[in-house]
Amino acid sequence: MTMSDPIADMLTRIRNANIAKHDTVDVPASKIKVAIADILVDEGYIKSYEMVDAGSFKNIHITMKYSGGKKDNIITGLKRISKPGLRVYAGKDNLPKVLGGLGVAIISTNQGVITDKKARELNVGGEVLAFVW
């Protein structure tokens, strides 16, 4: 069966692992998912990730990050913005801010998949993929 929205699937797997306090989660790999995982590591939402060869396809093995001894969640929210049925684009002048700058908007631009802060620096707009806070 073909998956209609693989990015939403990745975000849902991370959200579910976060809620269930799992240490790791596996996600089928693609270039855009690796770029999103890079952003999540750089922004401190996940600890790390690595590519795992699972036979005929590859997986992204994500190591979750928690704070404190009781495994308090670092990620309090993940939301898919642009969906296959309704694409959401933002110009360079109206890039979204998540929680007044406390969260991160992940944006696909002609410069690659970057955060809203980096898009403001580069003065580019693009498709708003997701919000993370």
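## Close-up views of a predicted model

**View 1. The salt bridge between R80 and D5.** R80 and D5 form a salt bridge, with their closest N and O atoms 3.0 Å apart; the term denotes a side-chain nitrogen of Lys or Arg within 4 Å of a carboxyl oxygen of Asp or Glu. Because R80 belongs to strand 6 (residues 78–80) and D5 to the segment before helix 1, the pair ties together parts that are 75 residues apart in sequence. Helices (H or I, at least four residues) and strands (E, at least two) are DSSP runs, numbered from the N terminus. Both R80 and D5 are buried, where buried means under 20% relative accessible area, exposed means over 50%, and partly exposed lies in between (1.4 Å probe, protein chains only). The model is predicted: local features need pLDDT of at least 70, side-chain atom pairs count only at pLDDT 80 or more, and totals for chains, interfaces and linings use all residues. Residues are numbered from 1 along each chain as its sequence is written, and side-chain values use heavy atoms, with hydrogens and water left out.

**View 2. Further salt bridges.** The whole structure contains four salt bridges. In one of them, the side chains of R13 and D9 meet at 3.0 Å, N to O. These two residues both lie in helix 1, four residues apart, which is about one turn of the helix. R13 is partly exposed, with a relative accessible area of 32%. R87 forms a salt bridge with E127, and their closest N and O atoms are 3.1 Å apart. This pair links distant parts of the chain, since R87 is in the loop between strand 6 and strand 7 (89–90) and E127 is in strand 10, 40 residues apart. R87 counts as partly exposed at 42% relative accessibility, whereas E127 counts as buried at 13%.

View 3. Three strands form an open sheet in the order 1-3-2, with antiparallel pairing; two strands pair if DSSP finds at least two bridges between them. Strand 1 (24–28) and strand 2 (46–54) are the edge strands, each pairing on one side only. From one strand to the next, the twist averages 25°. Strand 2 and strand 3 (residues 57–64) pair in the antiparallel sense over eight bridges, and M51 has I60 in strand 3 as its bridge partner.

**View 4. Helices across the sheet.** Helix 1 (residues 6–19) lies across strand 1 and strand 3 and runs at about 170° to strand 1. Helix 2 (residues 31–42) lies across strand 1, strand 2 and strand 3, at about 155° to strand 2. Axes are lines fitted to C-alpha atoms, for helices over the stretch in contact, and angles run from 0 to 180 degrees between N-to-C directions.

**View 5. The largest nonpolar core.** The largest nonpolar core has 27 residues, and I14, I36, I62, M64, I75 and I106 have the most contacts inside it. Such a core is a set of buried Ala, Val, Leu, Ile, Met, Phe, Trp, Tyr and Cys residues joined through side-chain atoms within 4.5 Å. Helix 2 gives the largest share of this core, six residues.

**View 6. The surroundings of N59.** N59 is located in strand 3 and counts as buried at 14% relative accessibility. Leaving aside residues up to four places away in sequence, N59 touches D26, V27, P28, A29, E50, M51, V52 and A54; contact means heavy atoms within 4.5 Å.
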